[in-house]
Amino acid sequence: MNTTLKIISLLLTYPTEELQKGLGELAQALQADETLGDRRRRLILSFMDDLASKDLFDLQERYVFLFDRTRSLALHLFEHVHGESRDRGQAMVDLMATYEAAGFAIDAKELPDYLPMFLEFLSVLPEDEARELLGQTAHILAVLKERLRKRKSIYRNLFIVLESLALGKPDRALVKELLQHPEDDPSDLEALDAVWEEEVVTFGGNSGENACGPDRLQRQIRAAARKPADVSAQASH
């Protein structure tokens, strides 16, 4: 499984000539992962075939429209639950502390909640721990999978595999809540600007807690998917 997580982390990055040239080697490594299973392997290999068969410029343009210019498909985990609120900053600090505690160093130019980086981190952990942490993001993975399905994007294959590798099932109430958020059109630049300028709702359900590590990570990525009224009701008890 660890090999597969590393491979998916690479496949979710911006397509480059180097990535295209390395697909054969990645496919061999995938075939050697005996824990993967035939269905998961086929889904990833089908995605690799797509990358190998298309013009690099077209692949890069597709990637930018999907993940860079479509906020509802952002590959930054906390974007989907915290937006640009202050809670996201604290969540970043907590996730960075989790990385550092495990001896995992990251490039300073990338945010710690970037999904490919998070998957690379999971790939160096014991399998049970990696599956548990991946499961804490399952509702986000499920939302991204559904939005990619609507776009008939083959990137959906990778999220099907990730969701199946996660420990536990996504919280359907949280998935439904997130899917109700409006999706932006990457070709509508005016509307895109409006989405980015939209006032962010601050949820603060766990803002007074100081614990770091996986438990805090779980709270941070779940809290903002709840309605503000629900959080207020919980705080009053």
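**Helix packing and loops**

Modeller: This is a predicted model, and the protein has 15 helices and zero strands.

Biologist: What percentage of the residues in the protein is buried?

Modeller: The protein has 237 residues. A residue counts as buried under 20% relative accessible area. The buried share of the protein is 46%.

Biologist: What share of the contacts with a separation of 6 or more comes from residues 24 or more positions apart?

Modeller: The count takes in contacts in the protein with a separation of 6 or more. Residues 24 or more positions apart account for a share of 68%.

Biologist: Are α1 and α4 roughly parallel or roughly antiparallel?

Modeller: Helix α1 covers residues 2-11 and helix α4 residues 38-53, and their axes are 12 Å apart. The packing angle is about 30°, and angles under 35 degrees count as roughly parallel. The two helices, α1 and α4, are therefore roughly parallel.

Biologist: Which residues of α4 does α1 meet?

Modeller: α1 passes α4 in a left-handed crossing. By class, the contact of α1 with α4 has seven nonpolar, one polar and no charged residues. From α1 come T4, I7, I8 and L11, and in α4 they meet I44, F47, M48 and L51.

Biologist: Which helices are included in what covers the buried residues of α1?

Modeller: The buried residues of α1 are T4, L5, I7, I8, S9 and L11. Of these, T4, I7, I8 and L11 meet residues in α4. The cover over the buried residues of α1 includes α2, α3, α4, α8, α9 and α11.

Biologist: Are α10 and α11 roughly parallel or roughly antiparallel?

Modeller: Helix α10, residues 138-150, packs with α11 at an angle of about 155°, the axes being 9 Å apart. Angles over 145 degrees count as roughly antiparallel. That makes the pair α10 and α11 roughly antiparallel.

Biologist: How many charged residues does the contact of α10 with α11 have?

Modeller: L141, A142, L144, K145, L148 and R149 in α10 meet R156, F159, I160, L162 and E163 in α11, and the crossing of the two helices is left-handed. By class, the contact of α10 with α11 has seven nonpolar residues and no polar ones, and the charged residues number four.

Biologist: What is the phi of K152?

Modeller: K152 lies in the loop between α10 and α11, and at 77% relative accessibility it counts as exposed. Most residues other than glycine have a negative phi. K152 is a residue other than glycine with a positive phi, near 55°.

Biologist: Is S72 buried or exposed?

Modeller: S72 is placed in the loop between α5 and α6. Its C-alpha is 9.2 Å from that of V143, 71 residues apart in sequence. The relative accessibility of S72 is 6%, and under 20% means buried. S72 therefore counts as buried.

Biologist: Which residues is K54 in contact with, leaving aside its neighbours within four places in sequence?

Modeller: K54 lies in the loop between α4 and α5 and is partly exposed, with a relative accessible area of 36%. The C-alpha atoms of K54 and Q20 are separated by 9.6 Å, although the two are 34 residues apart along the chain. Leaving aside those neighbours, K54 is in contact with Q20, L59 and R62.

Technical notes. Residues are numbered from 1 along each chain as its sequence is written. This is a predicted model: local features need pLDDT of at least 70, side-chain atom pairs count only at pLDDT 80 or more; totals for chains, interfaces and linings use all residues. Side-chain values use heavy atoms; hydrogens and water are left out. Axes are lines fitted to C-alpha atoms, for helices over the stretch in contact, and angles run from 0 to 180 degrees between N-to-C directions. Helices (H or I, at least four residues) and strands (E, at least two) are DSSP runs, numbered from the N terminus. Angles under 35 degrees count as roughly parallel, over 145 as roughly antiparallel, 65 to 115 as roughly perpendicular and the rest as oblique. A crossing is left-handed if the near helix is turned anticlockwise from the far one by less than a right angle, and right-handed if clockwise. Contact means heavy atoms within 4.5 Å. Ala, Val, Leu, Ile, Met, Phe, Trp, Tyr, Cys and Pro count as nonpolar, Asp, Glu, Lys and Arg as charged, and the others, Gly among them, as polar. Buried means under 20% relative accessible area, exposed over 50%, partly exposed in between (1.4 Å probe, protein chains only).
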